[in-house]
Structure formats: structure tokens, C-alpha cells
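Hi there,

Here is the structure I promised to pass on.

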Amino acid sequence: MKKSRLFFFVPYVLWLGLFVIAPIILITINAFKGDDGFTLKNFQQFFVNGTFFENDAKFILVCIFNYLNYLVNFLSDCIYFKSNEKSAILATFDYFTNLD
């Protein structure tokens, strides 16, 4: 590997390991860890308690709304850029006006 590529590759791998892979491993370990060691009690509590499903349903509805918003905006931008008017600021402004 060339030195210039290695110069960018090493920090990327360190950053990926520290902020992506390590949290996923910690979340997985804590999901199966209980007072007695390995347990599936956390998953049982998640599926029995209805509060989690209410929050998940709201989250999924917001995700669907945002997806449809981005889809409409993307299609309108495609049509807009094929026209004679070329103003990138007006065309991409609608991506920053969602409900998140």
C-alpha cells in the first residue's frame, strides 16, 4: 500500500473501530448480560412491555414521513435541474426543512 493511502487508512480504521465497532460490541454484550450472567430476560421484557412498541411505532411513522419527503424533494430537484434554471441553493433548501 502506498504511503499516502496508508496515511489515510490507519486513522480511518482506528476511528471505525473506536466509534462504530466497539459500541456495537458493547451494546451486544449488554443486551445479553443480566444479574445472573447470560440471559434473554432483556428481550423478553422488550417484547412483553407495550411502551417500547408505542415508541417504535412513532419512530417508524416519522421515518416513513421523512423518506417520502426526501423522495418528493429528490424527484422535484431532478425535474428542476433538467430545466433551464440552475440555482442549487433553491433546489437543495428543501432537504433541510424536515421535522427531525
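Helices here are DSSP runs of H or I with at least four residues, strands are runs of E with at least two, and both are numbered from the N terminus. On that basis, the chain reads α-β-β-α-α-α along its sequence, with 4 helices and 2 strands in all.

Please keep in mind that this is a predicted model, where local features need pLDDT of at least 70 and side-chain atom pairs count only at pLDDT 80 or more, while totals for chains, interfaces and linings use all residues. Residues are numbered from 1 along each chain as its sequence is written, and side-chain values use heavy atoms, leaving out hydrogens and water.

Of the 100 residues in the chain, 7% are buried (under 20% relative accessible area with a 1.4 Å probe, protein chains only; exposed is over 50%, partly exposed in between). The accessible surface (Shrake-Rupley, 1.4 Å probe) is about 9100 Å², and carbon and sulfur atoms hold 73% of that.

Helix H3 covers residues 50-82, and its 33 residues reach 48 Å from first C-alpha to last, close to the expected 48 Å (1.5 Å times one less than the number of residues). Its buried residues are Asn 66, Asn 69, Asn 73 and Asp 77.

Helix H1 (residues 3-31) includes Leu 26, which counts as exposed because its relative accessibility is 53%.

Have a look, and tell me what you think!

Best wishes
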